[in-house]
Amino acid sequence: MSLTNNLDTILVIDFGSQFTQLIARRIREAGVFSEIIKYKNLNKFLSNKNIKGIILSGGPLNVNTKKIKINKKIFNLNIPILGICFGHQIISKIFGGKVKQAKYREFGNAEIKKKMKSPLTKNFFTKNKNNVWMSHSDIVYKVPKNFKVIASSKNSKFAIIGNLIKKIYGVQFHPEVSHTVNGKIIIKNFLFNICKIKKNWLPKNQKINLINEIKKQVGNNKVVCGLSGGVDSSVVALILNKAIGKNLTCIFVNNGLLRKNEAKQVLTDFKKKLNINLVYVNAEKQFLKKLYNVKDPEKKRKIIGNLFIKIFEKYSKKIKKVKFLAQGTLYPDLIESKSVTGSTTSKIKSHHNVGGLPKKMKLELLEPLKFLFKDEVRKLGLELKLPKEILLRHPFPGPGLAIRIPGQVTNEKIKILKEADYYFIDLLKKNNLYHKIWQAYAALLPVKTVGVMGDNRTYEYICLLRAITSQDGMTADFFNFDKKFQQIISNKIINNIRGINRVVYDITSKPPSTIELE
Ligand code: XMP
């Protein structure tokens, strides 16, 4: 999908924040078109008449030590500006305020208190307070001239500031993150109260746009699509099917790192229900052999990514005239492997369908969903009439169980883990919890501990359970199970699976942890 057209636009200037794409997405969710550019490219856009508002993102840099060369003309275009976190600090510095390293870093939830009314914060506070999501080490300690203090927190005296006449605002927290209560209201107030932009970006147009884009890009060439059975690759397969019909072949690789019964399920769903041209490849042994003795998480991801590509290339030769390999890469996959805009986003992990790819590939990549988030993909899937059981399935990572077995992956560990995971997911479904949780899984920790069963000593692995709620996988909270559920699942796993004698539950949110263990 091309994000460049003639629509009124909110420009998001990326300084390398993990959340930049979330900002763009919140704007699009509100029905307004938005485009992200890296800050170094700002000059190219300064004269663009479609820009009705500008948001400066957060970022890992420090306004005092790194020289950010931002063209100050943007502050005199008479276009409203909102700075978020690092963006807030840049605005403060440029207008004569001061920024320094804070005594206490602020990560996570913080309470801010209202100091005055403003168009940005209309309907945002409840009883003059609000809980927001902070993620910063530096703070503004002197507010710039002509800026008013709209809200303060204990650690950030200038948590929201604004020059109401110039329509330039700064917020130290992240309104784009779902953990900020009423964060969407800040974004909407900026769009509709301050920039006065009209709605112009609606989901139903996205399907038509995508189909047209694919037709244009692919022409009469053939495409193979790596199908995993998850929502993303399924939506890619359906949209390609609509765009290029018989020129599409889906390849489903069983790498032996799938959930119990998953391979069978995918074959039934796609062959019977969706009537899609599908090739099944059993590569269980190949993957396990390549992973032998590999412990490093990044190496595992790269090995798996490379082998997938080799297999896709081998099978596409058999089909002939294949030019493209289609994948269900999403926005977050790109953000966390490498910034979409090529800016300074820190690399967290190589998602196999991005960072894990070999440098030289014979096939060209086709990634129609790379600007969409998970829930946008689900909406698109609904539009494409994807069956509910596929549409609402929990996400499952490309490298599969390999990244849920920290350290060395062996056949024995995979077998144990498949069973534990099966009991966990099955119990969630039976207790009507599956759809209340965004993603759940079992992992097998590479630690053995002592237990006692009957009168015997055991020395077996620890099974870790993880269940999170999230909107998009960018941030997450752990799910709260009641004690009874915890007792039942712990008993089920230990009583039924030889090899596990201890079950633990992961109680970390993202950040600071990630959803997967590796
Ligand atoms: P993390 O662990 O980065 O996970 O917080 C965020 C979401 O991405 C999924 N994930 C992957 N998906 N290939 C994928 O297709 C990958 O390599 C990969 N790694 C993580 C993860 O399951 C979660 O939903």
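## Second largest cavity

The lining of the second largest cavity consists of nine nonpolar residues, one polar residue and no charged residue. In this classification Ala, Val, Leu, Ile, Met, Phe, Trp, Tyr, Cys and Pro are nonpolar, Asp, Glu, Lys and Arg are charged, and the others, Gly among them, are polar. The structure is a predicted model, in which local features need pLDDT of at least 70 and side-chain atom pairs count only at pLDDT 80 or more, while totals for chains, interfaces and linings use all residues. Residues are numbered from 1 along each chain as its sequence is written, and side-chain values use heavy atoms, with hydrogens and water left out.

The lining residues are Leu11, Leu42, Phe45, Leu46, Asn48, Ile51, Ile54, Ile74, Leu77 and Ile79. Two elements give two or more residues to this lining, helix H2 (42–45) and strand S3 (51–56). Helices (H or I, at least four residues) and strands (E, at least two) are DSSP runs, numbered from the N terminus. The volume of the second largest cavity is about 40 Å³, and the count of cavities of 30 Å³ or more comes to two.

Cavities and pockets are found on a 1 Å grid over the protein atoms alone: a cavity is a set of points where a 1.4 Å probe fits but cannot get out, and a pocket is an open set with protein on both sides within 12 Å along at least five of seven lines. Lining residues have an atom within 4 Å of a point. Grid points are joined across faces, edges and corners, and a volume is the space filled by probe spheres set on the points.

## Sheet and packed helices

Nine strands form an open sheet with mixed pairing, in the order S2-S1-S3-S4-S9-S8-S7-S5-S6. Strand S2 (34–38) and strand S6 (129–142) are the edge strands, each pairing on one side only. From one strand to the next the twist averages 25°. Two strands pair if DSSP finds at least two bridges between them. Strand S7 (residues 148–153) and strand S8 (residues 160–163) run antiparallel and are joined by three bridges. Ala151 stands opposite Ile160 in S8.

Helix H3 (residues 86–94) lies across S3, strand S4 (81–84), strand S5 (98–114), S6, S8 and strand S9 (168–171), and runs at about 120° to S4. Helix H4 (residues 183–194) lies across strand S1 (9–14), S3, S4 and S9, at about 165° to S4. Axes are lines fitted to C-alpha atoms, for helices over the stretch in contact, and angles run from 0 to 180 degrees between N-to-C directions. Contact means heavy atoms within 4.5 Å.

## Domains

The protein chain is divided into domain 1 (9–194), domain 2 (203–391) and domain 3 (410–505). These bounds come from an automatic or database domain assignment. The C-alpha centres of domain 1 and domain 3 are 41 Å apart. Nine residues of domain 1 are in contact with six residues of domain 3.

## Pockets between domains

The largest pocket holds about 750 Å³ of space. Domain 1 (9–194) and domain 2 (203–391) both give residues to its lining, so the largest pocket lies between them. Of its 30 lining residues, Gln18, Phe19, Phe107, Ser135 and Pro511 lie nearest the centre. H3, S5 and S6 each supply at least two lining residues, and S6 has the largest share with six residues. By class, the lining of the largest pocket has twelve nonpolar, 15 polar and three charged residues.

The second largest pocket holds about 430 Å³. Its lining has 14 residues, of which Lys260, Glu262, Gln265, Ile425 and Lys429 lie nearest the centre. Helix H7 (262–273) and helix H13 (411–430) are the elements that give two or more residues to this lining; the largest share, five residues, comes from H13. The lining of the second largest pocket divides into three nonpolar, three polar and eight charged residues. Domain 2 (203–391) and domain 3 (410–505) both give residues to this lining, so the second largest pocket lies between them.

## Backbone geometry

Pro511, one of the residues nearest the centre of the largest pocket, is found in the segment after strand S18 (500–505). The peptide bond from Lys510 to Pro511 is cis, with omega near -15°. The peptide bond from Pro511 to Pro512 is also cis, with omega near 10°, and Pro512 is placed in the segment after S18.

Lys320 is found in the loop between helix H9 (297–319) and strand S13 (322–326). Phi of Lys320 is near 75°, a positive value in a residue other than glycine.
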